Amino acid sequence: FGSDSGQFGEKIDDIWEEICSNRNEDGTFGLPSLLPTLNEYLTFGKGELILVAGPTGRGKSAYFLAETCNALRSGVPCVVIDTELTDIVYFPRLIACLSGVTVKQIKNGKYNNEEESRIKKAMEWLKRQSLVHEYQPIFNKMQIEQVFRKWFNKGRLGMAVYDYIKPSEKFNAAEISQSLGLMADFLKSVAGNMNI
């Protein structure tokens, strides 16, 4: 059995101390979301899995990109496994999020001096952050766990983002539901076991 086995009463003081140490002055717990309304329902806490579901093109990836930037600004090291965006596609979106300059301007180079300064400032800041972005188009449990474990063991993983879970083959509705559930269960176990 795991290292947590034993009498629960023996762990109560340590558990309570951890709960108290994760409280924030504003009444939130853990890492608050960028969206104040969302903080009424959840914050990013150690060992927790947060799933966001919705139709294609509704901003789920953009939301988690913004939350990744928020975590980095809060000093939380992040590892992002991305099933859709290579580094060359992810990077302009990341710089846009940090600088406020549009992705289109970043790509086409049509920005003014002040915007260029913000881009360069964002790039220099980003170089000092603990951020890993890995492109893995296929859901592979062993590869995913290896990436997270590698950075966890180096002490450089506080928040993991997996964008996004999807079945790799065409199934009927029941099989899709089961497949997505198993993927979510796996990611939950990673978050729980690594306390991230």
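1. Let me start with lysine 120, which comes out as partly exposed at a relative accessible area of 48%. Keep in mind that this is a predicted model. The lysine 120 side chain pairs up with glutamate 116 in a salt bridge, with 3.4 Å between the closest N and O atoms. Glutamate 116 is partly exposed too, at 28%.

2. Next, have a look at glutamate 114 and arginine 118. They form a salt bridge whose closest N and O atoms are 2.7 Å apart. Both belong to helix H5, which covers residues 113-127, and their spacing is 4 residues, or about one turn of the helix. As for accessibility, glutamate 114 is partly exposed with a relative area of 44%, and arginine 118 is partly exposed at 28%.

3. Then there is glutamate 124 with lysine 127, another salt bridge, where the closest N and O atoms lie 2.9 Å apart. Here the spacing within helix H5 is 3 residues, again about one turn of the helix. Glutamate 124 is partly exposed, with a relative accessible area of 40%. Lysine 127 reaches 60% relative accessibility, so it counts as exposed, the cut-off being over 50%.

4. For the overall tally, searching the whole structure turns up 4 salt bridges. Among them are glutamate 114 with arginine 118, glutamate 116 with lysine 120, and glutamate 124 with lysine 127.

Terms used: Residues numbered from 1 in each chain as written. Predicted model: local features only at pLDDT ≥ 70, side-chain atom pairs only at ≥ 80, totals over all residues. Heavy atoms only, no water. Helix = DSSP H or I, 4+ residues; strand = E, 2+ residues; numbered from the N terminus. Buried < 20%, exposed > 50% of the residue type's maximum accessible area, 1.4 Å probe, protein only.
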